[in-house]
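This briefing covers the overall composition of a single chain and then turns to selected local features. Please consult the sequence and the structure alongside the text.

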Amino acid sequence: MSDGAVNADALRHEVRSWLDEHWTPGRDRRDWLPLVVDAGYAVPTWPESWCGRGLDADTAAVIAEEFRRVGAPGSGQDVHNLWANTLLTYGTETLKRQLVRPLLLDQVPMCLLYSEPGAGSDLAGLQTRAERDGDEFVITGQKVWTSSAHTAQYGMLVARTNWDAPKHRGISFFFFPMRQPGVEVRPIKQITGESHFNEVFIDGARVSAANLLGQLDDGWRVLQTALAYERSVMGDVARGPRRTGGGDHSDLPQTGSATDVDLGALARAVGRNDDPLVRQRIAHVHTLRTVNRWNALRAKAQLEQGTSSPILSLGKLAMSQILHTGAGVQGEILGAEAMLAGEATRGPTTPTSSPSTPTSRRSAAAPTRSSATSSASACSACRASRRSTATSRSGRPIDRRSPADVRRPDASTSHRR
Ligand SMILES: Cc1cc2nc3c(=O)[nH]c(=O)nc-3n(C[C@H](O)[C@H](O)[C@H](O)COP(=O)(O)OP(=O)(O)OC[C@H]3O[C@@H](n4cnc5c(N)ncnc54)[C@H](O)[C@@H]3O)c2cc1C
């Protein structure tokens, strides 16, 4: 399907019909995501040969809007799935055939092997080395602060391959298999008792040359692409509640992630919406979110003009401030109850309004293939990938999003996730 052949109104009608036929709130992601990918709705701006539909970004936005309207996950991965986007842009054909579809299906637990004890802000100073040995590279070094390393199947790894070149020019970028001898993951215990981060010690572990992304010694370029996706994900997370008009919402908003919470609805639900201080604080968070959204639009406009956008970095900074401030306001609204977790935290059972639900809640069983579904059957990546089996993940749900959550693999697709 080419850009010119797609009318936004027709596409919206098609997507609504498709969702009406296939989507049921609460449907298991593992059953749902293959339908979204096969329909071409997961990455609609990608080429048809890679699970996409070749749409321009503005037209593709219609699909994301319709998914958001009913609260269905899985669309818009061409914007926020940093693993799949980085792989599609720079990966070898072999690696793309192996991993693109499983990544879109959220079947490949991932982590980021960037930071080292002596290379954080100054990442180009990294010391982990990759030495060529036939068709493989041998990796030795130490990484730190690696979110989700303990569950990851692959890590996006930066390592030095040229010690004579200026430091930015001697780095290469790999899709590195984590589950092998020579990789030791040690959890870092946080003050909360949890361990979201790890140290990763790598001693003579191996990675195929086919898992090199971009050119040898040119990994800094790949890294900039991956970081741009990561920043845009973080900025997106911080933009605030987006699930309007339908969907499987809970009756009270505080059970969502810190960024999804509709603070106004929360205040109404617990009878604090007439408190002038609470109103002022909610307005403050709203202002931060709005400015962040405008910055994101500026960044998008710059990217579309082909210029790199330092504004994306603002999204990452904004995320920290919005998460922090928003969580504080939630605490002020809920009072002592904010310290509790679980169903009992739902407060007074007198919500002012229940979110509407989709008019059609069809059975999830045996969905029929729509024309949209069949249109994506041309995806060679899907055909190739279906022949291989991917490891399924056993992630636990994340109730409250933190910056650490954002760097978890499941954070890349729906904020979820
Ligand atoms: C929630 C979270 C999740 C993370 N997950 C991952 C992950 O999955 N994978 C991964 O690789 N890393 C991860 N990190 C690590 C993070 O990206 C690094 O902490 C970051 O690169 C900073 O490195 P550092 O801790 O060594 O701090 P440093 O680089 O030592 O910085 C410490 C302080 O010095 C300041 N500073 C540094 N250089 C300068 C300078 N030249 N001039 C002035 N001030 C300076 C910094 O602003 C900072 O305040 C995560 C971090 C967080 C917070």
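**Overview of the chain**

Of the 417 residues in the chain, 43% count as buried. The model is a predicted one. Its chain holds 13 helices and eight strands. Contacts between residues at least 6 apart in sequence were also examined, and 72% of them join residues at least 24 apart.

**Helix α6**

- Helix α6 covers residues 93–104, a run of 12 residues.
- Buried positions in α6 comprise Lys96, Gln98, Leu99, Val100, Arg101, Leu103 and Leu104.
- An α-helix has 3.6 residues a turn, so residues three or four places apart point the same way.
- After α6 comes Asp106, which has a positive phi near 65 degrees.

**Surroundings of Ala267**

- Ala267 lies in helix α8, which is formed by residues 263–269.
- Ala267 is classed as buried because 23 C-beta neighbours fall inside 10 Å, and the cut-off for that class is 20 or more.
- Leaving aside residues up to four places away in sequence, Ala267 is in contact with Arg272, Asn273, Val278, Ile282 and Ile333.
- Gln330 is 63 residues from Ala267 along the chain, and the C-alpha atoms of the two residues are separated by 8.6 Å.

Definitions and conventions: Residues are numbered from 1 along each chain as its sequence is written. This is a predicted model: local features need pLDDT of at least 70, side-chain atom pairs count only at pLDDT 80 or more; totals for chains, interfaces and linings use all residues. Helices (H or I, at least four residues) and strands (E, at least two) are DSSP runs, numbered from the N terminus. A residue is buried if 20 or more other C-beta atoms lie within 10 Å of its own, exposed if 12 or fewer, and partly exposed in between; C-beta atoms are placed from the backbone. Two residues are in contact if their C-beta atoms, placed from the backbone, lie within 7 Å. The expected span of a helix is 1.5 Å times one less than its number of residues.
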